[in-house]
Amino acid sequence: MIDAAIHTEKITKKYDGVTAVDSVDITVEKGELFGLLGPNGAGKSTLIGMLSTMLRPTSGNAQVWDYDIKRDATKVRKSIGVVFQDTTLDQKLTGRENLDLHGRLYGLPKKSRHQRIDEVLELVELSEWADEIVQKYSGGMMRRLEIARGLMHHPNVLFMDEPTLGLDPQTRNHIWDYIKELNREKNITIILTTHYMEEADRLCNRLAIIDHGKIITSGTPMELKSSLGGDILNLEFTTNEDTAKLIEHYSANTLAGSISASGNTVQITTAEGERTIPDVLKVTSQIGLDIQSVSLHKPTLDDVFLHYTGKGIRDSDTDAGKIKTMRRRRHAGK
Ligand code: ADP
Ligand code: MG
């Protein structure tokens, strides 16, 4: 027995011609707030679908709270709550009625059902809205009600698929607070998917980056950012030709760090950002490039994604956003 909250073994889902989830191995420990970060179409919802027993894997398998998702689907379902990407609330029913329906589906007896409804409504601060129809709720209130519903049957694990998708920044912050509270105070293991780097960074104690159905890398946000080995130096040029020239120069000479380019911007990852700036400026002036701006920052998860996939999370949906990546390291084999 593995005693993890989630353990997958080469779990795979294929649709005609598309491998939505490709031989994924992940382990999520009990008590973690674990993130799956990836662009649209990466396979996040499909993976959650299989783990929550809504979708059957094409091959591979998984255990959720030590139950096999194929053999013990009913036990898995009793151990988990799910907040889906698209709302599944009944708009014509009140908040309380939506929760009651869910409690009946899970066979909660009337008395404990009513008590639990009051508890979860209070938890997400919707007690005063309990008897209004959901149609009158704002987007953030609906999301909170869905979280409340996911908690009705005291799950050990809560899956949240893009929990703050489409919400304004203030509401998003509010939802983040609930998620943290559920994890820390109620001790619920949470697996959330997101394509917002900030969300993954702020909330998750550990995360896996997923792209084209494959796990690219995983670790704590800090580990992932440190894995780039330094600071990020961004150089913006007046023309795209200038970026190409700098890349060419880099490939012809051995210079510090790794370099990649997107449009008129060049990104250099370097161990000593402050010291690299003068060197780079010297080179650009020698080969006559026109620099518009220079900035230096600590790596973000977006930089991590760019580093491992050669594209940004935001522009990974379009081919136009694909950029050339080239790496050169002073210490080969490092
Ligand atoms: P994400 O949630 O990360 O945006 P999805 O899991 O929804 O990604 O989709 C992963 C891939 O699988 C996409 O290419 C998507 O088009 C494809 N896909 C998802 N569901 C289906 C389906 N029911 N039939 C065919 N292809 C699907
Ligand atoms: Mg999705």
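# Close-up views

View 1. An oxygen atom of ligand 1 lies 2.7 Å from a backbone N or O atom of Gly41. This is a predicted model: local features need pLDDT of at least 70, side-chain atom pairs count only at pLDDT 80 or more, totals for chains, interfaces and linings use all residues, and side-chain values use heavy atoms, with hydrogens and water left out. Residues are numbered from 1 along each chain as its sequence is written, chains are lettered from A and ligands numbered from 1 in the order in which they are written. For Ala42, a backbone N or O atom is 3.1 Å from an oxygen atom of the ligand. Thr46 contributes its side chain: an N or O atom there is 2.5 Å from an oxygen atom of ligand 1.

**View 2. The whole protein, for orientation.** It has 11 helices and 16 strands. Both are DSSP runs numbered from the N terminus: helices are H or I with at least four residues, strands E with at least two. The domain assignment gives domain 1 (6-224) and domain 2 (229-298). These bounds come from an automatic or database assignment. The C-alpha centres of the two domains lie 41 Å apart. Taken along the principal axes, the C-alpha atoms fill a box of roughly 80 × 40 × 35 Å. Of the 334 residues, 50% count as buried. Buried means under 20% relative accessible area, exposed over 50%, and partly exposed in between, with a 1.4 Å probe and protein chains only. Among contacts (heavy atoms within 4.5 Å) between residues at least 6 apart in sequence, 69% join residues at least 24 apart.

**View 3. The open sheet of six strands.** The order is β7-β8-β9-β4-β10-β11, and the pairing is mixed. β7 (80-83) and β11 (214-219) stand at the edges; each has a single partner strand, so one side of each lacks a neighbour in the sheet. On average, neighbouring strands are turned by 15° against each other, direction ignored. Two strands pair if DSSP finds at least two bridges between them. β4 (residues 33-37) and β9 (residues 189-194) run in the parallel sense over five bridges. Phe34 stands opposite Ile191 in β9. Helix α11 (residues 301-309) lies across β4, β10 (206-211) and β11, at about 45° to β10. Axes are lines fitted to C-alpha atoms, for helices over the stretch in contact; angles run from 0 to 180 degrees between N-to-C directions.

**View 4. The β10-β11 hairpin.** The two strands pair in the antiparallel sense over five bridges. Ile209 has Thr217 in β11 as its bridge partner. Two residues separate the strands, and His212 in the turn has a positive phi of about 50°.

**View 5. Thr27 in strand β3 (residues 27-28).** Thr27 is partly exposed, at 25% relative accessible area. Its side chain makes a polar contact with the side chain of His7 (2.9 Å). A polar contact is a pair of N or O atoms within 3.5 Å; within protein, one must be able to donate a hydrogen and the other to accept it, and residues adjacent in sequence count only if both atoms are side-chain atoms. Leaving aside neighbours within four places in sequence, Thr27 is in contact with Ala4, Ile6, His7, Glu32 and Arg206. Glu9 is 18 residues from Thr27 in sequence and 9.1 Å away in space, C-alpha to C-alpha.

**View 6. Arg77 in helix α2 (residues 73-79).** Arg77 is partly exposed, with a relative accessible area of 37%. Its contacts beyond four places in sequence are Ser52, Thr53, Tyr106 and His153. Val64 lies 13 residues from Arg77 in sequence and 9.2 Å from it in space, C-alpha to C-alpha.

**View 7. Helix α3 (residues 95-105) and its cover.** Gly95, Asn98, Leu99, Asp100, His102 and Gly103 are buried in this helix. What covers the buried residues of α3 includes α4 (110-123) and α5 (139-151). Just after α3, Gly107 takes a positive phi of about 70°.

**View 8. Thr269 in strand β14 (residues 265-270).** Thr269 counts as buried, at 9% relative accessibility. Not counting residues up to four places away in sequence, Thr269 touches Leu228, Gly230, Asp231, Ile232, Gly257 and Ser258.
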